[in-house]
Amino acid sequence: MAPITVGDVVPDGTLAYLDEENKPQSVTIHSLAAGKKVIIFGVPGAFTPTCSLKHVPGFIERAEELKGKGVDEIICISVNDPFVLNSWAKTFPENKHVKFLADGSATYTHALGLELDLTDKGLGIRSKRFSLLVEDLKVKVANVEGGGEFTISGADDIIKAL
C-alpha cells in the first residue's frame, strides 16, 4: 500500500484507549477528525527513547500554540495496546491536549501505508514516525520519517506549516 500523502483523505479506522475507569474503549479517526483541523502523529512505540524524550514532549509543550492556530485535536498513535499507551500517557502529567490512541495490531497504521517492519530486531510491525496535518479528513501536510530518524515530524515542523 502506498503511504498516505498530501491530498489524500485519511482512512477511517478504529483505535483504542482506556477511559477514566481503565476500561477499554474505541473511537474512530473520522469521528475525531471530520469537520476539524487535527494533527495525527505516529510513533514506533511507547516508552522508546526518541518517542518519549523528543516526539511526544514536543507536541505536549507546543499544544497551546497549536490550539491557538486552530488545531482542534492532537492525536498520538502507537502500535501498542491501550494498557501500555495509558501507562505511557501517565508519564506526561503536564499533558492536557494530546490524545494517546492505541493501534494494537497495526491495522490503522497499515491503512495509512506507514508500517515499519522491525521483526528482525524482535519488535514486530511498528509505525514509521510521522505527523499529519488533516483538515476535514483531507491531508494538508504529511511528514513521514525514514528509518529511525526524527528530523521532519515534530511539533515545530507542523507549526511551520500552519
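Predicted model: local features only at pLDDT ≥ 70, side-chain atom pairs only at ≥ 80, totals over all residues.
Trainee: Let's start with Asn86. Why is Asn86 called buried?

Mentor: Its relative accessible area is 18%. Buried means under 20%, so Asn86 gets the label.

Trainee: Where does Asn86 sit, and what does Asn86 touch?

Mentor: Asn86 is part of helix H4. Leaving out residues up to four places away in sequence, Asn86 touches Leu18 and Asn22.

Trainee: Which residues of H4 are buried?

Mentor: Pro82, Leu85, Asn86, Trp88 and Ala89 are.

Trainee: And how do you know how those buried residues are arranged around H4?

Mentor: Look down the axis of H4: the buried residues fall within an arc of 160°, so they line one face of the helix. There's a general rule behind that kind of pattern. An α-helix has 3.6 residues a turn, so residues three or four places apart point the same way.

Trainee: What does the buried set of H4 pack against?

Mentor: Strands S1, S3, S4 and S5, plus helix H2.

Trainee: What happens at the start of H4?

Mentor: A side-chain oxygen of Asp81 comes to within 2.8 Å of the backbone nitrogen of Phe83.

Trainee: How do the lining residues of the largest pocket divide by type?

Mentor: Into 9 nonpolar, 2 polar and 2 charged.

Trainee: And what can you say about the second largest pocket?

Mentor: About 210 Å³ of space lies in it. This second pocket is lined by 13 residues, with Pro44, Thr48, Leu118, Arg129 and Gly148 nearest its centre. Helix H2 (residues 49-61) supplies the largest share of the lining, 3 residues. By type, the lining of the second largest pocket splits into 6 nonpolar, 5 polar and 2 charged.

Trainee: Is Glu73 buried or exposed?

Mentor: Buried: at 11% relative accessible area, Glu73 is under the 20% limit. Glu73 is in strand S4. Its contacts, leaving aside neighbours within four places in sequence, include Lys36, Lys37, Lys67 and Lys99, as well as Leu32, Val38 and Ile39.

Trainee: Why is Ile75 called buried?

Mentor: Its relative accessibility is 0%, so Ile75 counts as buried. Ile75 is also in strand S4, and beyond four places in sequence Ile75 touches Leu32, Ile39, Ile40, Phe41, Lys99 and Leu101.

Trainee: What makes Lys128 partly exposed?

Mentor: Lys128 has 25% relative accessibility. Lys128 lies in the loop between strand S7 (125-127) and strand S8 (130-135). Not counting residues up to four places away, Lys128 touches Gly42, Val43, Leu114, Glu115, Leu116, Val144 and Glu145.

Trainee: What stands out about the phi of Phe47?

Mentor: Phi is near 65°, a positive value in a residue other than glycine. Phe47 is in the loop between S3 and H2, and at 46% relative accessibility Phe47 counts as partly exposed.

Trainee: What about the phi of Ala106?

Mentor: Also near 65°, and again positive in a residue other than glycine. Ala106 belongs to the loop between S5 and helix H5 (107-112). With 5% relative accessibility, against a limit of 20%, Ala106 counts as buried.

Key: Residues numbered from 1 in each chain as written. Heavy atoms only, no water. Nonpolar A, V, L, I, M, F, W, Y, C, P; charged D, E, K, R; others polar. 1 Å grid on protein atoms, 1.4 Å probe; cavity = no way out; pocket = protein on both sides within 12 Å on 5 of 7 lines; lining within 4 Å. Points joined across faces, edges and corners; volume = space filled by probe spheres on them. Helix = DSSP H or I, 4+ residues; strand = E, 2+ residues; numbered from the N terminus. Buried < 20%, exposed > 50% of the residue type's maximum accessible area, 1.4 Å probe, protein only. Contact = heavy atoms within 4.5 Å. Arc of directions from axis to C-beta. Polar contact = N/O pair within 3.5 Å; in protein donor to acceptor, adjacent residues only side chain to side chain.
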